[in-house]
Protein chains: 2
Amino acid sequence: MNRTDHNGALRIEDEGRQVELVGWVSKKRNFGAMNFIDLRDRYGIVQLVFDEGFNERLKDVRQEYVLNVKGTVRERKDKNPNLLTGDIEIIVEDFDVINPAKVTPLIIADETDALEDTRMKYRYLDLRRPIMQEKLMMRHAITKSMRDFLDHHDFVEIETPALGRSTPEGARDFLVPSRMKPGSFYALPQSPQLYKQLLMIAGFERYYQFARCFRDEDLRADRQTDFTQVDIETSFLDENQILSMTEEMLKKLMKDVKGIDIPTPFLRMSWEDAMNEYGIDKPDNRFGMKLQDLSEIFKNTEFVPFRKALDEGGVIKGIVVEDFAPSNKEIKKLTADAKKNGASGLVVLKMQDGKLNGSAVKSLSEKEIDDLISTLNLTDGSSVLIVSDEWLKACTALGALRNDMGAAKGLKKKDEFSFLWVVDFPMFEWSETENRWVSQHHPFTMPKREDIPLLDTDPGKVKTNAYDCVLNGYELGGGSMRIYENDLQEKIFEILGLSEEQIRNKFGFFIDAFQYGTPPHGGLAFGLDRIAMILSGSDSLRDIIAFPKNAAGRDPMSDAPNTVDDIQLDELDLAVNVSADQRKQLKAIEEGKVLITLPDGKETEVSLQEIADWKAAQV
Amino acid sequence: MNRTDHNGALRIEDEGRQVELVGWVSKKRNFGAMNFIDLRDRYGIVQLVFDEGFNERLKDVRQEYVLNVKGTVRERKDKNPNLLTGDIEIIVEDFDVINPAKVTPLIIADETDALEDTRMKYRYLDLRRPIMQEKLMMRHAITKSMRDFLDHHDFVEIETPALGRSTPEGARDFLVPSRMKPGSFYALPQSPQLYKQLLMIAGFERYYQFARCFRDEDLRADRQTDFTQVDIETSFLDENQILSMTEEMLKKLMKDVKGIDIPTPFLRMSWEDAMNEYGIDKPDNRFGMKLQDLSEIFKNTEFVPFRKALDEGGVIKGIVVEDFAPSNKEIKKLTADAKKNGASGLVVLKMQDGKLNGSAVKSLSEKEIDDLISTLNLTDGSSVLIVSDEWLKACTALGALRNDMGAAKGLKKKDEFSFLWVVDFPMFEWSETENRWVSQHHPFTMPKREDIPLLDTDPGKVKTNAYDCVLNGYELGGGSMRIYENDLQEKIFEILGLSEEQIRNKFGFFIDAFQYGTPPHGGLAFGLDRIAMILSGSDSLRDIIAFPKNAAGRDPMSDAPNTVDDIQLDELDLAVNVSADQRKQLKAIEEGKVLITLPDGKETEVSLQEIADWKAAQV
């Protein structure tokens with residue numbers, strides 16, 4: 001076997017060449033006495049022509065057979081403009097079946113109607129579909145583009161531990177029982193955050209890693225048990241330098257992978273503006289429909305919901321949806337959605353024949369209606385959706401409606417790529433449940449220099465040097481400048497209400513490290529899977545992961561996770577499927593007792609020794 | 001802060017330039033009224049000169065303080081040829097302390113006498129030592145060189161699952177309990193072997209991955225809980241094409257990273273020759289001292305150990321060590337080593353004053369002695385070490401001695417790099433314990449075409465298309481061509497004595513995949529950590545891993561593994577530290593009984609109901 005060419009690479013210039021090809025039978029058909037086969041490899045498809053002398057040998061050849069073919073390239077009479085190789089075909093002189101194939105449970109073509117479960121069970125066939133190969137090859141092109149950029153800019157790739165320490169912070173850890181220290185566990189990393197900061201303390205200055213990260217959370221289309229993070233950290237650069245360099249990386253990425261020039265610098269939007277105008281911290285600004293503040297218009301309103309919101313210090317905000325006249329049923333659905341997103345209600349007003357309609361109209365004054373129409377420039381056929389509530393609640397609820405309406409009206413164009421930064425996130429959020437300030441990002445995030453005095457007076461107003469990179473309404477990644485001064489760090493812990501002991505337990509060795517000459521540093525991390533999903537125009541993460549898990553965390557192909565042998569559990573001193581009752585029983589056994597339930601339903605402990613004595617006496 | 005240059009990059013050409021530098025205080029000393037500081041960053045060290053005006057402000061500045069410095073480059077009077085920046089120094093005009101540092105528990109310099117445990121506990125300081133930074137940067141250079149080669153040759157990098165299925169084959173799995181399916185476990189991958197073969201079935205043709213792999217085995221200097229594998233698989237290439245391409249990759253690697261041209265093609269040595277001449281399947285051929293077969297010389301011997309070996313079908317083999325006259329104590333040690341490596345004994349003969357000495361000499365004939373001297377060309381001062389045993393045992397024991405002697409005599413030069421392939425490994429080994437043939441590599445390894453008839457008649461003689469890449473006595477990596485035909489695969493399973501059911505349990509979905517058009521394929525995998533260790537001249541894997549584990553599998557810095565909260569165990573329905581006895585007890589209780597030990601030591605079961613009744617009656 002001595003393959004001379006890739007099938008998809010042959011062109012009219014190759015006419016007359018003797019070639020030897022390999023690949024899979026994509027299609028087989030006959031036309032008169034002749035047989036035609038489309039032979040597929042990773043590079044594409046080429047048409048083979050067999051004269052009738054081959055008929056007998058071709059009889060058994062089916063789709064997905066692996067062939068080795070010798071022949072000559074010739075110009076095609078009936079050219080196929082849809083195929084890159086459509087100008088030519090191969091006159092076959094000889095061929096071999098390298099390997100036969102059973103009938104495949106799904107058709108190997110870009111379009112498929114196979115169920116998700118079938119696709120996952122026979123993933124090796126699903127991945128044989130050219131569209132899936134292209135997606136995974138694009139994923140590789142993405143990593144290569146980013147790596148090349150980072151290598152060129154002096155970043156060092158450093159692998160951080162896959163088996164680390166479990167910390168109670170953040171999402172749920174995946175645990176790995178230790179055999180050498182039974183009863184103890186490693187945790188799979190949720191992110192290399194601590195390690196990358198330690199690498200800055202170690203003086204590496206510029207670090208990156210394509211790091212596999214793990215979170216044991218419930219899964220859905222855009223979440224998997226594990227994901228790949230493009231993890232970056234730098235020393236001695238300020239926020240602006242980091243953002244600019246990152247923009248260059250993404251500009252190169254879009255050029256390399258999509259052939260698109262994106263403008264830099266990206267729009268930088270404060271978190272407050274993002275919430276105010278888009279009602280979300282990851283605005284999709286491919287379309288307008290911005291949130292507008294209507295509080296001024298209704299400052300004297302007697303409409304009860306509006307009045308209440310304003311009296312309680314809230315706001316009245318709205319979005320205008322053009323060419324949209326929702327039915328009562330649709331209004332009901334919109335209202336339910338608004339409530340689901342935290343609003344106490346929704347007012348929908350429709351502009352028809354130069355007049356505003358809607359159940360709330362009767363409660364509004366003439367002037368309010370006129371002001372609304374003129375301020376929002378309402379024209380016939382458009383509607384306005386209004387929420388009155390606390391600022392954050394009103395923004396969030398309207399932002400969700402805005403996103404839904406944008407999707408419904410086809411305003412989210414897949415071939416448009418709008419990058420922006422959201423910056424100046426708040427340092428703290430007030431936790432009602434814990435009755436204390438908690439970090440919005442993490443406690444090592446640097447507060448903005450000019451806001452440091454506010455730490456003592458009004459922590460809720462303190463903004464940070466944190467930043468999120470947003471593309472088309474998705475958070476691609478984010479990061480922050482980190483605190484590197486001990487005094488400041490201690491003040492933050494104080495505001496978070498952490499005791500010395502809690503600090504030690506939660507952050508112990510990490511805090512120690514900061515005392516030995518820590519450089520100013522900051523960084524960010526991108527979700528590689530999400531980038532690949534968006535750039536490849538996929539709807540699910542499962543399309544850009546070779547062997548993904550389903551929503552139950554299962555791999556239908558290998559049937560992982562599975563039960564394991566007792567000997568494996570013995571080596572780890574583990575017991576599985578232990579209920580709370582059994583756990584209590586285990587504890588009792590450890591103390592030489594057993595828990596029993598008396599006939600009257602009461603639970604009591606009996607010593608094993610006592611039982612043994614009683615039994616012995618019986619004999 | 002606006003850094004203009006990297007410290008290590010300044011040269012005489014920069015004289016007169018105004019620069020702004022950042023970095024760590026590596027050394028501080030005063031000379032008369034002047035102060036000198038060596039300022040270190042990732043790129044190197046530069047000397048700063050402070051005039052006496054700075055004395056007061058410099059008073060508190062200690063080693064590892066982080067400084068920001070403005071000054072002018074000037075030529076040095078007392079040049080330092082050991083420093084790349086040794087021709088110049090910086091006259092400081094102003095400086096700031098960016099961050100102070102406590103006294104470090106280890107000195108930040110290439111040479112260290114800090115204990116391994118201290119180095120690991122303060123790993124971020126250990127990594128600040130320039131020599132450690134260089135090692136990790138070399139590791140990155142290695143990955144970059146290999147990636148660039150693979151990208152250039154059309155390989156697609158594809159990530160395979162980190163959470164897979166546990167299989168009873170091979171080494172011990174690290175397990176990850178599943179929360180969504182309690183009682184079940186994922187396994188961390190020991191290698192992506194099955195996945196990469198599935199990717200060939202999926203038609204990717206050329207795959208690679210820098211894959212994190214996990215084996216829960218006891219640790220030592222050259223083993224960690226996890227390691228990084230450069231994993232490669234190809235379709236439609238034969239063994240020779242794969243080896244040639246790999247050689248080109250390694251040639252580029254050596255050029256890129258070490259600046260060395262290594263000759264290709266590499267020596268290809270059959271497994272049999274490797275064992276015969278070097279007594280090991282990963283020969284270090286930087287030095288000679290080859291194993292020589294002495295069986296012919298001693299074919300009529302009456303020396304009992306030799307006679308016995310030959311009569312039992314074994315061999316007599318020896319190595320000549322020049323300039324080596326071991327004392328009786330040394331001979332005792334050598335003999336113990338030989339026995340530890342499986343030999344039944346060792347004969348040591350020393351050539352002195354033209355005569356052979358040694359306790360065995362008196363049992364050898366004049367002719368045997370003369371033949372030995374002339375065949376081995378023995379000269380004064382050299383010794384010959386002889387083992388008589390079964391072929392494999394004799395080779396293995398002598399091979400180990402050869403390696404020890406090579407090291408002891410300084411023949412393993414660190415700056416010499418000798419690559420070779422060991423090929424034609426046996427397909428099967430006979431397992432005495434299981435009384436059946438077992439795979440030497442894995443059951444999917446392709447037997448050599450010409451040996452296929454031997455499968456029926458003499459399986460032990462069947463050689464495979466498997467290959468190991470050896471550098472300086474280390475196995476850098478290895479792989480094989482894989483079986484892609486169902487008939488052949490079934491025959492192999494038959495020889496291995498596997499039933500249909502066992503095949504299904506062990507290899508299930510993988511076997512199914514092979515029926516849908518599998519291309520001929522093969523590949524290999526390299527141990528990245530080991531490559532980095534050898535090329536950086538390190539003695540331990542811990543030197544080329546940023547945050548390694550110690551021999552107890554612990555990270556002394558973060559103190560992983562650690563105990564976890566009960567709530568985490570509850571979510572997984574797990575109980576820890578459960579002994580085999582407790583497990584039995586739990587099982588009994590589940591069945592409504594309890595196991596007790598009677599006073600006479602007998603074990604018996606008592607029903608919980610019975611105990612409850614007895615207890616109730618007591619009240």
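Helices (H or I, at least four residues) and strands (E, at least two) are DSSP runs, numbered from the N terminus, and the tour below uses these element numbers throughout. This is a predicted model, in which local features need pLDDT of at least 70 and side-chain atom pairs count only at pLDDT 80 or more, while totals for chains, interfaces and linings use all residues. Residues are numbered from 1 along each chain as its sequence is written, chains are lettered from A and ligands numbered from 1 in the order in which they are written, and side-chain values use heavy atoms, with hydrogens and water left out.

**Stop 1: strand 14 of chain A**

Select K350(A), which sits in strand 14 (residues 347–352) of chain A. With a relative accessible area of 15%, K350(A) is buried, where buried means under 20% relative accessible area, exposed over 50%, and partly exposed in between (1.4 Å probe, protein chains only). Its C-alpha atom is separated by 7.1 Å from that of G381(A), a residue 31 places apart along the chain. Contact here means heavy atoms within 4.5 Å, and, not counting residues up to four places away in sequence, K350(A) touches A325(A), P326(A), I331(A), K355(A), L356(A), N357(A), S382(A) and S383(A).

**Stop 2: the two copies**

Now display both chains. Chain B can be laid on chain A by a turn of 180° and a shift of 0.2 Å along the axis, with an RMSD of 0.5 Å; this is the relation of a two-fold axis. The superposition is by least squares on the C-alpha atoms of residues with pLDDT of at least 70 in both copies. Of the interface residues of chain B, 99% are also interface residues in chain A, so the copies meet through the same surface.

**Stop 3: helix 17 of chain B**

Which residues of helix 17 (residues 580–590) of chain B are buried? They are Q582(B), R583(B), Q585(B), L586(B), A588(B) and I589(B). If you show what covers them, you will find elements from both chains, including helix 16 (566–572), helix 17 (580–590), strand 23 (593–597) and helix 18 (608–618) of chain A, together with strand 23 (593–597) and helix 18 (608–618) of chain B. Following helix 17 of chain B comes G592(B), whose phi is positive, near 80°.

**Stop 4: the largest cavity**

A search of the whole structure finds 13 cavities of 30 Å³ or more, and the largest cavity has a volume of about 640 Å³. On a 1 Å grid over the protein atoms alone, a cavity is a set of points where a 1.4 Å probe fits but cannot get out, and lining residues have an atom within 4 Å of a point. Of the 42 residues that line the largest cavity, select F210(A), R212(A), F210(B), A211(B) and R212(B), the closest to its centre. Two or more lining residues come from each of helix 4 (130–152) and strand 9 (206–214) of chain A, and from helix 4 (130–152) and strand 9 (206–214) of chain B.

While helix 4 of chain B is in view, pick out S145(B), which is found in that helix. S145(B) is buried, with a relative accessible area of 2%, and, leaving aside neighbours within four places in sequence, S145(B) is in contact with K252(B), L253(B) and D256(B).

**Stop 5: annotated positions in chain A**

An unreviewed UniProt entry places the feature "binding site" at R215(A), D216(A), E217(A), Q224(A), E475(A), G527(A), L528(A), D529(A) and R530(A); of these residues, L528(A) is included in the lining of the largest cavity.

Select R215(A), in the loop between strand 9 and strand 10 (226–235) of chain A; at 33% relative accessibility, R215(A) counts as partly exposed. Beyond four places in sequence, R215(A) touches A171(A), R172(A), F174(A), Q190(A), Q224(A), T225(A) and F227(A).

D529(A), by contrast, lies in helix 15 (residues 528–535) of chain A and is buried, with a relative accessible area of 5%. With neighbours within four places in sequence left aside, the contacts of D529(A) are R139(A), F227(A), T228(A), L541(A), I544(A) and I545(A).

Terms used:
1 Å grid on protein atoms, 1.4 Å probe; cavity = no way out; pocket = protein on both sides within 12 Å on 5 of 7 lines; lining within 4 Å. Points joined across faces, edges and corners; volume = space filled by probe spheres on them. UniProt positions renumbered as here; feature names shortened; annotations may be inferred.
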